[in-house]
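Hi there,

Here is the structure I promised to pass on. Have a look at it first, and then read on for what turned up.

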Amino acid sequence: MLKKCLTFALILLIMSGAEAGTWSPELRIGILSGFERVVLKVSAPCTITDAATGKVLGKAPADKKFAVNADKLKVGAMEIRPETVLLQDLRTTIEGKEYYGGVRINKTNGKLDVISLVPVEEYLRGVVPKEMPALYPLEALKAQTIAARSFAMKNRKRHEADGFDLCATTHCQVYDGVADFESVEWAVEETRGEVLVFKDKLINASFHQDSGGITAGAEEIWSDAVPYLVSVKENFAAGTPWTIKVDAKDLDIGKLKSAKISGKTPSGRVATAQIVGDKKTLTLTGKELRAKFNLPSTLCNVKVDGDKLIFTGFGSGHGVGMSQRGARTYAEDARTYDKILAHYYKGTNLKKLY
């Protein structure tokens, strides 16, 4: 009898461990806002509750569309969660697009805001292929996954005033719901729960598309220095140069006379630039220059050709943190994800968060 009890206890322990291995913290991702009506569908039976009190408001059957109307919703917020499956196994279709997990709907000023309730690991399955091509080498995808996980965990409650943790745009990280890429599945599973820390604290793991051969220190692009976001060189060619031509007639400076980069940062990016006309001189910071002329990066130079500004440069993105092109190149050169991350985030360590 004792042997049977011990066997049963062992089975329960194994089952419990298997389930625990699939758990990850829940995030609230802002998906839609300002809707009068939202059409939903869930993949498994769900319970609809008042988010404030937990009172059951109704049931949502599997695979059947239903609508939530702002003028008929009598509570400030409702949540839809699964009855028979785990949250990570539920799929919710919101206005025709499928998302991982459940959903919360807030009623604000008579309109509906829709928030995806999604475990971190499922969230990453949707984020990673939007931030890095899924065809990149596995070690690069692992590095991207850990950077994205670290950013998400560090910046939880970034949008708390809006009623959720993170948005689904480039302001946070791009999240577009369910994605089906085997390479990304491997990257997420093989790094489950891993994050980057500096002195045992989560880091803001910034990343960008292409450094142009050298990354920027955080203080070059933003206001403050960050000890783990320093400028680092890449030991390969800078990549394909780009050229942008801009007509200066709309700048309201008169006839274009000259343009120059009047100051550069330690990594060679634009700190300040001057565009001189016969009526006015335009002085811009690197950030302002990039935004005004829609430049791929501030790792560039400028010259005048008649009434046109000719910008030539390298790279794409703000340049801080991990270069995704660099991660791909290092991975192709057999560098593992931990070595890639250590190169771009100086002094950091990997930590198993869950």
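A term to start with: strands (E, at least two residues) and helices (H or I, at least four) are DSSP runs, numbered from the N terminus, and two strands pair if DSSP finds at least two bridges between them. The model is a predicted one, in which local features need pLDDT of at least 70 and side-chain atom pairs count only at pLDDT 80 or more, while totals for chains, interfaces and linings use all residues. Residues are numbered from 1 along each chain as its sequence is written, and side-chain values use heavy atoms, with hydrogens and water left out.

Seven strands make up an open sheet with mixed pairing, in the order 4-3-6-9-10-1-11. Strand 4 (56–60) and strand 11 (166–167) are at its edges with a single partner strand each, so one side of each has no neighbour in the sheet. Strand 3 (residues 46–50) runs antiparallel to strand 4, and four bridges join them. Within this pair, T47 is opposite K59 of strand 4.

Next, helix 6 (residues 286–293). After helix 6 comes N294, with a positive phi near 55°.

Enjoy exploring!
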